[in-house]
Amino acid sequence: MTDASINASTQSQSKAYEDEASFGDYFSLLKPRVMSLVVFTAFVGLVAAPVSVHPVIGFCAILFIAIGGGASGALNMWWDADIDRVMKRTKGRPIPSGKVQEGEALSLGLALSGLSVVMLALAANVFAGLFLAFTIFFYVVIYTMWLKRSTPQNIVIGGAAGAFPPVIGWIAATGTMSVEPWLMFALTFMWTPPHFWALALFMRSDYDDAGVPMLTVTHGRRSTRVHILVYTILLALLAVGTAFSDIGGPTYLVVAAVLNVMFLHGAWKISRRNEDDSEADNFKVERSFFKLSLLYLFLHFGAILAEAVLKPYGLGGWS
């Protein structure tokens, strides 16, 4: 064998190793950033429930809810592989980059979906398992396969999927339904549109290229800015009002008041801007609002968690 053929063989083997999927590639299929939000809000829902949960059961419940959320992410990436290849924001994902095959993502998503639903039902209760199954179905079928590519209301209606985890956490703890987990649901549900529309304002070309009917594509940026302001006003009313429920309290009220003043101010600034201003500073205000939106939801749920933790000591809630 010549030196040239040896070098060619070595290079071919090296390339094969480079293209081979790693554990990190498969883990990326589960959308770990989204999963972290699922885990946190589900945990808050579980802790805020008015019953004590054995630590092992609680840990298992959150683990299987996280796996269910990851399964949804894998199935979402499997279905959206075609548009992920087009969008700059997503073309580096495992499937578009060629690290993971579409069939592998589908198999992983289905396997983890079944595992998470069955194990949550066994670890907590059947109601929680069934609700997790419904959540996965809603995200994959209702949002990903239907709404995302068919209507500019995709984020509005589809946002319900991301808002279900605290409800699942509550059900895992209590086995029942009540008003409080739906307040947490509503908080996430109303937060989702302004959060994603702010992203769409400075990533519109991605959605244009992929043919996704985001509001910025179908109605333009001017209309999107108005929608962000309207939804932020409604969100602020809901968020502050939640302070006076059984999951609220003085700590939550202070956090909600400060954050919603900041969020309303950001939405107002976005509504007053024109495209020339935005292009001139590379959407600085819109990007700042988007970053604030990430902190917004985390701190609201953190405040709900603080009220729940302090309540047994007489320091949380209004009583």
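Tutor: Helices here are DSSP runs of H or I with at least four residues, and strands are runs of E with at least two, numbered from the N terminus. The model is predicted, so local features need pLDDT of at least 70, side-chain atom pairs count only at pLDDT 80 or more, and totals for chains, interfaces and linings use all residues. Residues are numbered from 1 along each chain as its sequence is written, and side-chain values use heavy atoms, with hydrogens and water left out.

Student: What makes residues 130–147 helix or strand?

Tutor: Under that DSSP rule, residues 130–147 are 94% helix and 0% strand, with the end C-alpha atoms 22 Å apart.

Student: Why is isoleucine 83 called buried?

Tutor: Buried means under 20% relative accessible area, exposed over 50%, and partly exposed in between, with a 1.4 Å probe and protein chains only; isoleucine 83 has a relative accessible area of 5%, and is therefore buried. Isoleucine 83 sits in helix α5 (residues 81–84).

Student: Which residues does isoleucine 83 touch, not counting residues up to four places away in sequence?

Tutor: Contact means heavy atoms within 4.5 Å, and on that criterion isoleucine 83 touches Thr90, Lys148, Arg149, Ala210 and Val212.

Student: How many residues of each class are in the lining of the second largest pocket?

Tutor: Ala, Val, Leu, Ile, Met, Phe, Trp, Tyr, Cys and Pro count as nonpolar, Asp, Glu, Lys and Arg as charged, and the others, Gly among them, as polar; by that scheme the lining has 10 nonpolar, no polar and four charged residues. Helix α16 gives the most to this lining, with four residues.
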